[in-house]
Amino acid sequence: MLTNELAYSKAVAYIMSLLSWDKLNFIYNFVLANIVYGVIVIIGVMLFVVIFGWVERKVMAKAQFRHGPTKVGPYGFFQNIADALKLLSKENFIPESADKYLFVSSIVFILAILLFSMLIVPFSGGIYAVDLSVALLAIFVLLSVLPILIFVAGWSSGNKFGSISAQRSIIMMVSYEMPMLMVIAAVALAAHSFSFFSIVGAQSNMYFAVLMPIGFVVFFIAMLAELERPPFDIREADSELISGWLTDVGAPFYASVLIVDYARMLLGSLLIVLLFFGGWQGPFLPKVAWLLIKVFIVAIFIIVLRATYVRMRLDRLLRFGWLWLLPLSIINLIWVYFFMVWGVIL
Amino acid sequence: MSETKINIGPIHPSTHGVLRLVVTVDGDTIKEVEPHIGFLHRGVEKLAESRMYMQNIVYMEKLDYAAPMAHQELYVSTVEKLLGIEVKERAEYVRVVLLELQRIASHLLWLGTMCNDIGQMFSMFMWTMRDRDMILRLLQEATGQRMFYVNMRLGGVNRDLPAGFEDDTYKVLDSIEHSLGEYKDFLESNPVFMERLKNVGVLSRENAIRLGVTGPVLRGSGIDYDVRRNSSYYKYTKLGFRPAVETGGDSFARYKVRMKEMQESISLVRKALEEMPKGDALGLPIKLIGAVPKEKEAIVKRELPRGEGMMYMVADKQRPYRLAIRAPAFINLAALDHISRGQRLADLFAILGSLDLVMADVDK
């Protein structure tokens, strides 16, 4: 008996030593905290989707002398939730000619990649999941997967409009990806780092939008193309291709595509603010508030563009990308280089 | 690259109704556009043969739901010519006012839908619909109906312009003139808008004549032909009407022509209201009993908002024996294939928008 008890207590001690407080702490720190943070981010993104879905409808309505949603909730705030519920209650239709698994999984992957890239972006000095030293590069690797996934979705939908949209997606990617990377190179050069914290820290004296106005404009235009916002909504051109790659997407997946749309807009505005407008820096208010205010302003500007611009043509975008954006981004890179070499001395 | 056939319509966001286009594309370049029409065919010409002269007006209005006034006026004047009825002088002025107001309304609708077609998210559409609504209210004031008026009568109109109509019209015209200037600045200062329309869908002078297009499409190709001046009906020459002509031949020229026409119509309405004589504008009652046709057949042409409309009527006793309609939108649609060959697929909708089609008019 005694030996048994001894063996038992030894085993317990061994197991306890395995689950020591340090190790529990480790599990908590690196797994649980990230899961909790991930859930919080997803909830935050959904909140943004709801708020911005409403803001966009209201701003568009004001621009067009309409009222916008008024019935569901105060000032129609919950209209988008009602719409999403309606979409989710509908039958999930997948066309017979579609490659079922590719079609469904590509849309799921698009959403997953967007939410995943949210984890890399910090929301303030204290709110972040991981501080990667190559965060900026990682984000753009993830973002450049999106057009390919859209290509897969459009191509596998078995619809001619979808396949045209898929081809357009790839051609668009060719036109805006290069200038964008050039601007990112300039930003990294100016901040001496690919980490968002260093980039925001480097802007404590001067916003990068002031340091490199050309780069900012190029990045903003390329970002609009990345986000499929007008005037570059060439992929899902509703008056030409009905809805492009979304033409045959059934209602429940369409609801998730709406989330993708706004999550992408959040990511785009976040990147613009972090790279060019000093991120969460600002006096008096809490840091997160500053970040959100700036994101809000950028996003509203993108919405106003939607209300006023007509759609650009694909070949024009290609020409615009290679003849204007790329040379301008290279000029910007050279300018930043000379500024870094001599500007500090001056 | 191999050629692909794409079916666009009859249910598609920018075919304005039930137009079906089978487009053959090579990559992004259009090789051929084959319009399939007839989804909205009502057989108006045949229907007209079994109804009395004045009963047909309601059918004629539905030929073009964007400009019903113009079509009913064309029909009524054909009957007038057949029966040998003179239009009263004041009624001529009243008709000019109503027709030109209708033309502005129709062109405003076109402007909004064309901006939609080239990818603006309904902003211009909402703005122009707002302006159009003011005109529709004026027309409602004058005729009693908002969309399908049935107010033309033989020799005049159903009722004279109401009291206070002139002041309201001046106010509305001022407002529309102001907003037209704004739209012009807004659109033409937008480089993306300009490059979507300029050098897109070029229709040369010779081909415009060969294809028989009329209206703003013809005048956009540099041909100075407007029925309002060339046939000189009503008081158009007296009111100093000058047709708007552009020489570009592309979608932008057609856009410019329509913008100028709206300006011209505004000044025409103002002048007609100023010079309108006092007197009687009422026509014969709609129950036309014992009408005796003076002539065996009659043909009348009018400048409708979409082009030259023509009606040919053979007389029976109480009803037309035969009615043939030349629908301007139908003939303008025939030019689509020619114009859009070699263009990009995205340009097809800019061209379609600049042709300003109404499918009810095409299908009859």
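In this predicted model, strand 6 of chain B gives three residues to the lining of the largest cavity, the largest share of that lining. The cavity holds about 50 Å³ of space.

**The cavity**

- One cavity of 30 Å³ or more is found in the structure.
- Which residues line the largest cavity? They are B:Ala70, B:Glu73, B:Leu99, B:Arg103, B:Tyr233, B:Arg302, B:Glu303 and B:Leu304.
- At least two lining residues come from each of three elements of chain B: helix 3 (68–83), helix 4 (89–117) and strand 6 (297–304).
- By type, the lining has four nonpolar and four charged residues, and no polar ones.
- Empty space of this kind is shown by rolling a probe the size of a water molecule over the atoms.

- Strand 7 (residues 307–315) and strand 8 of chain B run antiparallel and are joined by six bridges.
- Strand 7 and strand 8 of chain B form a hairpin, with four residues between them.
- B:Ala315 is opposite B:Pro320 of strand 8 of chain B, and B:Val314 has B:Arg322 of strand 8 as its bridge partner.
- In general, the strands of a sheet pair through backbone hydrogen bonds, in either a parallel or an antiparallel way.

- Another open sheet in chain B has three strands in the order 1-2-3, with antiparallel pairing.
- Which strands are at the edges of this sheet? Strand 1 (3–8) and strand 3 (29–36) of chain B are the edge strands, and each pairs on one side only.
- The average twist here is 20° from one strand to the next.
- Seven bridges connect strand 2 (residues 20–26) of chain B with strand 3 of chain B, and the two run antiparallel.
- B:Leu21 has B:Pro35 in strand 3 of chain B as its bridge partner.
- The hairpin of strand 2 and strand 3 of chain B has two residues between the strands, and B:Gly27 in this hairpin takes a positive phi near 70°.
- Lying across strand 1, strand 2 and strand 3 of chain B is helix 14 (residues 345–355), which runs at about 145° to strand 2 of chain B.

**Chain A**

- How many helices and strands does chain A have? Chain A has twelve helices and zero strands.
- The C-alpha trace of chain A spans about 85 × 65 × 40 Å along its principal axes.

**Contact between the chains**

- On the side of chain B, 31 residues are in contact with 23 residues of chain A.
- About 2700 Å² of area is buried between chain B and chain A, and carbon and sulfur atoms give 58% of this area.
- B:Met121, B:Val192 and B:Glu195 supply 22% of the area that chain B buries against chain A, more than any other three residues.

- Most residues other than glycine have a negative phi.
- A:Phe65 has a positive phi, near 60°, and lies in the loop between helix 2 (21–63) and helix 3 (79–88) of chain A.
- B:Val150 also has a positive phi, near 45°. The loop that holds B:Val150 is between helix 5 (123–143) and strand 4 (152–153) of chain B.

Definitions and conventions:
Residues numbered from 1 in each chain as written. Chains lettered and ligands numbered in written order. Predicted model: local features only at pLDDT ≥ 70, side-chain atom pairs only at ≥ 80, totals over all residues. Heavy atoms only, no water. 1 Å grid on protein atoms, 1.4 Å probe; cavity = no way out; pocket = protein on both sides within 12 Å on 5 of 7 lines; lining within 4 Å. Points joined across faces, edges and corners; volume = space filled by probe spheres on them. Nonpolar A, V, L, I, M, F, W, Y, C, P; charged D, E, K, R; others polar. Pairing = 2+ DSSP bridges. Contact = heavy atoms within 4.5 Å. Buried area = accessible area lost by both parts, 1.4 Å probe. Axes fitted to C-alpha atoms, helices over the stretch in contact; angles between N-to-C directions.
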